[in-house]
Structures are given as structure tokens and as C-alpha cells.
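Hi,

Here is the structure I promised to pass on.

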Amino acid sequence: MVPSVPSIRQLQKRKDGVPYTRRSEIEHLLRELVYLPANRLIERCQIESRDAPDYVPDECLLYFVRERRAETENADFAQLYKLLIQRLQRALGEPDETENGKIAQDVLDKVTMALAQDRQTYLEKLDYFEVNFADYLLKRKFDAKKALRRKTFRTVELNEDPKDDDTPSFAERVAGLFEPFDPKKMELRDYRSNLDAAIDQLPPLQQKILELKRQGFQFDSKDPQVDTIAKLTNKADKTVRNQYAAGLVALRVILEAGDPQ
Amino acid sequence: MNSDSSEDILDAFATEPNHDPATLQRYLRAHPELTDDLIDLSRELSREREVRHTPLTPKEDSYREAAWRKHVLAVPDTEDRLATLTVERQREVCRAIDIPRQVLSSLREHQVLVASIPRAFLEQLAAVIRWTPDALTESLSRPSLAYARNYKSEEKPIPATQVSFEELMRQSCATEAQLAKWQFDK
């Protein structure tokens, strides 16, 4: 048999026919970690601080759990698996009866089920976690939130888009009143968390306009080639400006009132 | 060629290395039908990442233990995973490890000298069919299935000739790129 270094499993999920790949730093680290004895690998996976030099990223921990898919119960496998679930629990938050708590439980249930299925048949969906664990976990939360809101009709009941304030100068009056994405404020972790929670309380259209504004899109443009907020939300320029202004006013009130929860 | 579903597209967006305006704009232009979802997802991905550092609750500890119990119960079956691949799955396997169909068929018939198969190839194939490299090697080392089939027939059995993996790849019209992928022992 031809001797070779341990190979790293390639991902099978494809995009436009081309297999996904892990980030290069993850691939490099896997090539190093694959030589570690189990006890040393477990020790390193126990490190919680992402800044620690020996920290093992979630993508790598998941890789090793999946690699042991064919194994029966043993202490090393159990430790690696439980460390992975622990990281998911820390990232998702505590399951409870709140909307966020229900989402956390739903995502956790689905990921643990997917991991178990992966032992029987390769589950390509899990490859996404090996590409970008944190962001794909947010995507799963996004899916769970959408499903939950569809079930409870919460979007329709509580977040119905308000009518425009047609006062001609409304947008002008509040323009410059408040800059939610001020780079200086955005450096503060608490501010960012409070802003996220405050935007959650706005109607869907205002949330979309704020997101596009954060991403640097213009309200409107004379150039038909430019993707504007008006075009992307399928609303008139005036409506977009008014809804943005209304969103700013609401955000300021929520943030000034303290804890947005 | 783009047969990706809406979910595939949103998953792809979520796993992009970054979610800057250029990335969002690229997806919005390529998938205008998903504009609402892409904007909402972009916002979701911009959220502050909260990771709890406080101890997990006893209920969460119990959940983890229960999840592990379920995980170990989902025991991989011990059947010959190479022999039981469906035709559709065989196509997927060939696509996943980029080999001609004939190569997989010959492997399934145990017509390849196991010692000539690069270890890296065995590991890749085992990973794709969710088996261990050792179990796969053991299976491939069994007598040729073509020979076994002949033996059941009325005619005198003719032992099937086993070929090396490299020879098989060449006979199967593997491309140079496919050949170059595996380091053959000269």
C-alpha cells in the first residue's frame, strides 16, 4: 500500500457544480491537528478563549466529530462530541419560553439530529458548518426565526408596516437627528447589542431600509443601473425616506429608554 | 448551469467569507427573486456574536448527555457499503471523488489489487460512502465478485484478473487531471 500522510476529508456540498472548500487557515490547522494524540486534541478543544494560541476553531472540532462517525461509544469520542454541543449551547443562548429561547432550542435539536444522521449517510448540509461555522449557525437561527414567526403570525400582528407620515418635511426634519451606525458608537459592544435589539422592534420595511443603509446603498439615483433602496424595497423614494426617518425616531426613543428588551 | 435551490443560495450567501456591500450586491443582482430574504439575512449576519461565558445550566448539561446517548445509538450499519450503493449514489460517489464510473464498478467487483490503491484514495472513498478505510480495505480484499458469479453459472469458472489501480484508471480513460490527483507508486 502506498504510504501517505493522513488526508483531510474533502467537502461534498457543491455550489454551481464546484465543491465547497474550508478556509485555508482551517485546512492548515487540520493538517496540524490530525497528528495530535486524542488526549492532546481534547485538551486543545477545551480551550474557550478564541484568542488563545492553541484554540481550536469550531470548524475543526466539528471535523473531528464527523471523522469519528463510524466509531462506537468511547470516551474520546464522547468528549469531543460534548465539547461541540457545549459550544453550540454557548453560541445559541439558553433555551426558554422567549422567542430567542425557542429558536435556540430548535436550532440545537436540528443540529444534533443532523449530526446523528451524518453517522448513517453523509449529510452535505453539515459541510456548510465546516466552511463558516459562526455564520452558518446564524443562518440556521434565521431559518428557525422565520419558521417560528410564520407559525405565530407575529410579523403580521406586531410588526405591520406603518403608514407614511406624509408631512412633506418629515424626513428632512429628522435627517441628521441620529446616526445609528456611527462608526465611533459601533466600536462599543454594548451599543451594538442594544442597537440589534432595538432594530428588532421596528417594522420589517424599516429594518430592511436600515440594513441597506448600513450596507451603504443610496435612497435613490437618477442612474437606472444603480441598485437603490427604493428599487430593492420596491417603494417610492419618498416612502423610503419617510420610513427611514420614522425608524430613526423610533430607534432613538428605544435606545434612550434604556434596555430595549 | 445553476440548479441551486433558494435555500442553497441563501446558505451560500451565509457562508461567504464576508458580507460586505459588494457581496450583498452580487447576490442581489444574481438572485433578484430573493431580495427580501437576502436583505434580512444580511442583517442577521451583521448581529453582534454573543457567546455565553457563564456556566451552563443543569438542564443544558442533561440535554448534552441525552444528545450523546442518541448520537451513539445512531450506530453506522456494518453492511458492505460499497456493495449496497444504489445506481444514483454510485453516480454521486464518482462525482464526489472525480473518478470514471468504470473505476467504481471494478472496485465494487473487487477486481483491483488492493495493495496498489493509494491510501489517500481509500480514505476519500471511505469518507464519501461513510465507512472506515479499514473496513473498505477489508471488503476490497475479498475474492473477485465476477469470479464468484461465474462459479454459480453452468460454465467452468474463469478467475477474473485483478489489475492495479493505476492500470484501471488508464483503462477507464481517466483524464490526466484525474490521474495526477493520486500519487502512484512507480
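Below is what I found where the two chains meet.

This is a predicted model, in which local features need pLDDT of at least 70 and side-chain atom pairs count only at pLDDT 80 or more, while totals for chains, interfaces and linings use all residues. Residues are numbered from 1 along each chain as its sequence is written, chains are lettered from A in the order in which they are written, and side-chain values use heavy atoms, leaving out hydrogens and water.

Chain A brings 74 residues to the contact and chain B brings 77 residues (contact means heavy atoms within 4.5 Å). The rule finds 16 salt bridges across this interface (a side-chain nitrogen of Lys or Arg within 4 Å of a carboxyl oxygen of Asp or Glu). One of the salt bridges joins A:Lys13 to B:Asp8, with 3.3 Å between the closest N and O atoms.

Now for one pair of helices (DSSP runs of H or I, at least four residues, numbered from the N terminus). The axes of H7(A) and H1(B), residues 6–14 of chain B, come within 8 Å and cross at roughly 140 degrees (axes are lines fitted to C-alpha atoms over the stretch in contact, and angles run from 0 to 180 degrees between N-to-C directions).

Best wishes

Definitions and conventions
Helix = DSSP H or I, 4+ residues; strand = E, 2+ residues; numbered from the N terminus.
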